[in-house]
Amino acid sequence: QVQLQESGGGLVQPGGSLRLSCAASKSFFNIDTMAWYRQSQGKQRELVALITSDGSTTYGASVRGRSTISRDNAGNTVYLQIGDLQPDDTAVYYCYAREIVVPAKEYWGQGTQVTVVS
């Protein structure tokens, strides 16, 4: 069982930056994938960034080039640094984890609100 807690969201002006954090209740030993998704009211949830246990990363097209995902295994935490924020980035940002068990399990955090004020 894994619990995820996001933090770091808030209000920011266009062009600003934020660093989001996701703390896991368990070690990343059995976690092969961590990711950030976002969802605006009435819209489809979309991938922002993903990182695997071997360090490979994937970024959504909307944030590629201005985002960095990283993980700190010692602190059981994954981070998302996103810059040059625009009003279209306004959303609830959710942390995601995939645990390698049989069968595999997926977990979601409760989300942290990011609002870019135009």
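Guide: Let's start with Ser21, which touches Gln5, Glu6, Ser7, Trp36, Thr77, Val78 and Tyr79, leaving out residues up to four places away in sequence. Touching, or contact, means heavy atoms within 4.5 Å. This is a predicted model, where local features need pLDDT of at least 70 and side-chain atom pairs count only at pLDDT 80 or more, while totals for chains, interfaces and linings use all residues. Residues are numbered from 1 along each chain as its sequence is written, and side-chain values use heavy atoms, with hydrogens and water left out.

Visitor: Why does Ser21 count as buried?

Guide: Buried means under 20% relative accessible area, exposed over 50%, and partly exposed in between (1.4 Å probe, protein chains only). Ser21 comes in at 15%, so it counts as buried. Ser21 also lies in strand E3; a strand is a DSSP run of E with at least two residues, numbered from the N terminus, and a helix is a run of H or I with at least four.

Visitor: How many helices and strands does the protein chain have?

Guide: Zero helices and eleven strands.

Visitor: What makes the chain as compact as a globular protein of that length?

Guide: The globule rule is 2.2 Å times the number of residues to the power 0.38, and the radius of gyration is taken over C-alpha atoms. For 118 residues the rule gives 13 Å, and the chain's radius of gyration is 14 Å, close to that, so it is as compact as a globular protein of that length.

Visitor: What makes Tyr37 and Tyr96 an edge-to-face aromatic pair?

Guide: Rings of Phe, Tyr and Trp (its six-membered ring) pair if their centres lie within 6.5 Å; planes under 30 degrees apart are stacked, over 60 edge-to-face, the rest tilted. These two are 5.8 Å centre to centre with 65 degrees between the planes, which makes them an edge-to-face pair. Tyr37 sits in strand E4 (residues 31-39) and Tyr96 in strand E9 (residues 91-99), so the pair ties together parts 59 residues apart in sequence. Together with Trp108, Tyr37 and Tyr96 form one aromatic cluster.

Visitor: How do you know that Arg45 lies over the face of Trp108?

Guide: For an Arg, CZ must be within 6 Å of the ring centre and within 35 degrees of the ring normal (for Lys, NZ is used). Arg45 is 4.6 Å from the ring centre of Trp108 and lies over its face. Arg45 lies over the face of Tyr94 too, at 3.9 Å.
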